[in-house]
Amino acid sequence: MSSSLPGIAVTGASGRMGRMLIAQILQSDRMKLAAAIEREGHDWIGKDVGEAMGGAALGVTVTDDARAGIAAADVVIDFTAPAATIAFAKIAAESGAVHVIGTTGMSEEEIAAMAPATEKTAVIRAGNMSLGVNLLVQLTKRVAAALDEDFDIEVIEAHHNQKVDAPSGTALMLGEAAAEGRGVSLKEVSDRGRDGITGARKRGHIGFTAIRGGDIVGEHDVLFAAAGERIVLRHIASDRTVFARGALKAALWGLGRAPGAYDMLDVLGLSDEG
């Protein structure tokens, strides 16, 4: 592989998405694996990442030195946890590496904490990296804009039993799209966690339901329900590689991009639609 290829650093290398990203990078002729990063104390530290994954040596040693790993790369792809992502954002900004973020479960305060990084480098963050989901986001926005509050909106999502955050980042993307379509703030109309005697559903609210079980990769429905009719927009991911491929597409798109905050709609050229 040519040394002129852009180098990618993968954080959380041992995780489900980390392994998937590394496998996809190795199959690509447009990029190379520059660094595999794990948390301090992880049993992969010091091992060749290929051997740690159960295969042949790749010549890339897993490190807990995020600063050195990111400095060796053009792009860092990050599917970890909010606190780690904030730390990686600062390091990526210092080194000028593009930061592609697939981390979910981030609060508004945590997202705001990354704002200084966007002044120094391109930061591409999305709750979901797949093409299909981002098209679904645009469809949700358009349908919500076309229908009045006679149509209740519910976002229903299903994931595997190891997912730690709810609603999913994708569900929140869809809820934001629906709220934007209606010209309201999701924060003001979000309806979550119904239990017990909750009273009737509030007109104009956007509801969320989270399902967890088995090895479900990701399923998202946006339900528009009125008296006598329902519209359901649906996306089903059956293979996690769709997220890895989207993240790598974002990585290549971000190379040479001006500093700023971007998302997958920018990457896919959909940001001006709707």
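How many bridges join strand 7 to strand 9, and in which sense do the two strands run? Seven bridges join them, and they run parallel. The model is predicted, so local features need pLDDT of at least 70 and side-chain atom pairs count only at pLDDT 80 or more, while totals for chains, interfaces and linings use all residues. Residues are numbered from 1 along each chain as its sequence is written, and side-chain values use heavy atoms, with hydrogens and water left out. Helices (H or I, at least four residues) and strands (E, at least two) are DSSP runs numbered from the N terminus; two strands pair if DSSP finds at least two bridges between them.

- Seven strands in the order 3-2-1-4-5-6-12 make up an open sheet with parallel pairing.
- Strand 3 (62–63) and strand 12 are its edge strands, each pairing on one side only.
- Strand 1 pairs with strand 4 in the parallel sense over three bridges, and V10 has I77 as its bridge partner in strand 4.
- Strand 4 and strand 5 run parallel and are joined by four bridges; here V76 has H99 as its bridge partner, and I77 stands opposite V100.
- From strand 4 the chain passes through helix 4 (residues 82–95) to strand 5 in a right-handed β-α-β crossover. Right-handed means that, with the strands pointing away from the viewer, the path from the first strand over the helix to the second runs clockwise.
- Along strand 4, V75 and I77 point one way and V76 and D78 the other, and all are buried (under 20% relative accessible area with a 1.4 Å probe, protein chains only; exposed is over 50%, and partly exposed is in between).

**Strands 7, 8 and 9**

- Strand 9 covers residues 206–212, and its R212 stands opposite H159.
- Strand 8 (residues 190–191) also runs parallel to strand 9, joined by two bridges; D191 stands opposite G207.

**Nonpolar cores**

- A nonpolar core is a set of buried Ala, Val, Leu, Ile, Met, Phe, Trp, Tyr and Cys residues joined through side-chain atoms within 4.5 Å.
- The largest core has 38 residues, of which I8, L21, V49, I77, V100 and I124 touch the most other members.
- Elements that each supply at least two residues of this core include strand 1 (7–11), helix 1 (16–27), strand 2 (32–37), strand 4 (75–78), strand 5 (98–101) and strand 6 (122–125).
- Helix 10 provides the largest share of this core, eight residues.
- A second, separate core has 22 residues, among them L147, V155, A171 and V222.
- I77 is in contact (heavy atoms within 4.5 Å) with I8, A9, V10, T11, L21, V100, A247, L248 and A251, not counting residues up to four places away in sequence.

**Largest pocket**

- The volume of the largest pocket is about 1,100 Å³. A pocket is an open set of points on a 1 Å grid over the protein atoms alone, where a 1.4 Å probe fits, with protein on both sides within 12 Å along at least five of seven lines. Grid points are joined across faces, edges and corners, and the volume is the space filled by probe spheres set on the points.
- Its lining (residues with an atom within 4 Å of a point) comprises 41 residues, and I111, R125, L172, M173 and E176 lie nearest the centre.
- Among the elements giving two or more residues to this lining are helix 5 (108–112), helix 6 (115–118), helix 7 (131–146), helix 9 (186–189) and strand 12 (260–262).
- Helix 8 gives the most to the lining, with six residues.

**Loop residues**

- A166 and P167 are joined by a cis peptide bond with omega about -10 degrees; P167 is in the loop between strand 7 (152–159) and helix 8 (169–182).
- P259 sits in the loop between helix 10 and strand 12 and is partly exposed, at a relative accessible area of 44%.
- P259 touches T118, E119, K120, T121 and A122, leaving out residues up to four places away in sequence. The C-alpha atoms of P259 and K120 are separated by 5.4 Å, although the two are 139 residues apart along the chain.
- D148, in the loop between helix 7 and strand 7, is partly exposed with a relative accessible area of 45%. Its C-alpha atom is separated by 7.9 Å from that of R182, 34 residues apart along the chain.
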